[in-house]
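Visitor: Hi, I'm new to this one. Could you walk me through it?

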Amino acid sequence: MKTTKTIVALFLCLVSHVHAVEVTIAGFAFAGDFKSAAERFPYTYKLFRDAKGQPKKSFSYLINDRMKLAANSLLEFRSAENTVNLKSGDQALMAVLVLTGETVATENFGTYHKTFVNLRGDALIFDYKGQTIVRSYPVSVVLFDATPEKPTEVRISGFVEDLIRREDGRGLVTQFVRRMSDATLPKEGTKTVQVRKGEVLPEALALMPEALRKNKTAVDAMIADSFASVLSAKVGISMLPSSIGHAVGGVMSMRLENGDDYKLKVGEGDYLFDVTLNKFAKIKASESNVGTAYVYGAYTTIRFYEPALNTAYLESDIKNGETAVVPAGQISSDDFAAYQDAIRGLYLKLSDAFVEPGSKWIATAASAKNIESQLNSTREVLRSCK
């Protein structure tokens with residue numbers, strides 16, 4: 001009996017292997033026109049430039065090395081020894097980590113400086129012959145750091161490199177590997193989902209660091225990408241790259257680390273999300289000798305709809321609060337980190353509500369009276385897009 005089970009297991013393993021689709025790992029890429037990459041991704045670009053001539057220090061080498069641990073029964077990932085020659089290869093599918101956003105802000109808070117770093121990208125599977133995106137999983141990582149002195153350019157560069165290379169879930173490459181491990185190929189007729197718009201209104205923007213207030217386009221993209229990253233990971237769906245800054249005229253340009261340029265077709269999603277960050281709030285909850293507890297709130301408007309039929313499945317103001325304690329005697333505090341927690345908490349809880357019915361949180365967080373009905377409709381649509 002044991003022998004029979006072993007034979008069956010081996011047979012199933014062989015069948016799975018035979019039907020696995022080959023995907024070549026292309027490595028790392030910068031989104032957009034490469035001529036402006038140094039301006040749009042100053043720290044990551046410098047790291048990329050410093051690694052030239054040292055292949056084992058490149059991000060593409062790191063991705064290929066980490067992908068050796070990725071196990072996916074549907075896809076067989078193949079390391080590219082020389083990605084320059086991939087265009088003439090037999091494989092149609094390629095996997096790449098595309099960097100789409102780098103946001104860095106440093107602000108002084110009395111006796112210390114606070115640094116915020118956010119890197120955003122897409123874990124893409126694309127057909128390089130047809131120049132089309134097959135699957136896209138947004139990824140986003142954040143780092144906060146406090147130092148007594150203003151951080152040097154070298155220190156900030158170290159923050160960025162750590163966010164890319166670190167091995168835990170807060171690392172960009174780690175997130176790419178995880179998305180590829182769970183990736184699927186779409187069935188014929190599978191509908192697509194996209195965050196069409198992210199917007200930060202003036203009241204919320206006013207409470208962000210000055211460096212972010214000066215670049216509203218980047219902040220809008222950060223809000224959209226952060227939501228897409230959480231939604232994709234929690235719900236398990238592929239999402240077309242956001243239309244904010246990633247694609248011009250329905251085309252997403254990118255350059256691989258080896259110098260190959262690609263222009264991928266990016267249409268509008270069959271179903272769209274619009275995410276608006278309306279405002280923040282800070283409310284004192286309690287006070288003691290240890291410190292003061294505040295509830296930091298984020299207020300958003302989320303809309304999910306089908307543009308072709310002008311049908312809205314979800315449309316509601318949604319709020320979320322997260323508690324943080326400011327130690328007694330601390331003269332000044334950085335509220336932005338706490339507001340970020342409130343935003344991310346909102347995205348996580350909303351995504352959970354999309355997966356599992358009966359969320360107690362959404363009942364008080366949403367303004368729409370028929371929120372359960374809206375969630376049921378949204379849940380059904382998202383399930384059909386896997």
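Predicted model: local features only at pLDDT ≥ 70, side-chain atom pairs only at ≥ 80, totals over all residues.

Visitor: What does the protein chain average in pLDDT?

Guide: The average is 88, and 89% of the residues score at least 70. pLDDT is the predictor's confidence in each residue, from 0 to 100.

Visitor: And where is confidence lowest and highest?

Guide: Helix α1 (residues 2-19) is lowest, with a mean of 51, and helix α7 (residues 202-205) is highest, at 97. Helices here are DSSP runs of H or I with at least four residues, strands are runs of E with at least two, and both are numbered from the N terminus. Also, residues 82-86 stay under 50 in pLDDT. The model has 11 contacts for that stretch beyond four places in sequence, a contact being heavy atoms within 4.5 Å.

Visitor: New topic: why is helix α4 largely enclosed?

Guide: Because 6 of its 8 residues (the helix spans 59-66) are buried. Buried means under 20% relative accessible area, exposed means over 50%, and partly exposed is in between, using a 1.4 Å probe and protein chains only.

Visitor: Which ones are buried, and what covers them?

Guide: The buried residues of α4 are F59, S60, L62, I63, N64 and R66. Their cover includes the strands β1 (21-31), β2 (75-79) and β3 (93-109). It also includes the helices α3 (42-50), α5 (153-165) and α6 (172-182).

Visitor: Which strands form the open sheet?

Guide: The order is β6-β9-β10-β11, with mixed pairing. β6 (193-200) and β11 (311-327) are the edge strands, each pairing on one side only. Two strands pair if DSSP finds at least two bridges between them. From one strand to the next, the twist averages 25°. Axes are lines fitted to C-alpha atoms, for helices over the stretch in contact, and angles run from 0 to 180 degrees between N-to-C directions.

Visitor: How many bridges do β10 and β11 pair over?

Guide: 16, in the antiparallel sense, with β10 covering residues 291-306. G297 stands opposite G321 in β11.

Visitor: What packs on the sheet?

Guide: Helix α10 (residues 335-355) does, touching β9 (271-287), β10 and β11, and its direction makes about 140° with that of β11. Helix α12 (residues 371-384) packs there too, touching β6, β9, β10 and β11, at about 105° to β11.

Visitor: What about the loop between β10 and β11?

Guide: N310 is in that loop. Its phi is near 55°, a positive value in a residue other than glycine. Most residues other than glycine have a negative phi. N310 is exposed, with a relative accessible area of 60%.

Visitor: How many salt bridges does a search of the whole structure find?

Guide: 20, where a salt bridge is a side-chain nitrogen of Lys or Arg within 4 Å of a carboxyl oxygen of Asp or Glu. One of them joins R303 and E315, at 3.6 Å from N to O. That pair links distant parts of the chain, with R303 in strand β10 and E315 in strand β11, 12 residues apart. R303 is partly exposed at 22% relative accessibility, and E315 is partly exposed at 45%. Elsewhere, salt bridges that share partners join E22, E76 and R78 into one network.

Terms used. Residues numbered from 1 in each chain as written. Heavy atoms only, no water.
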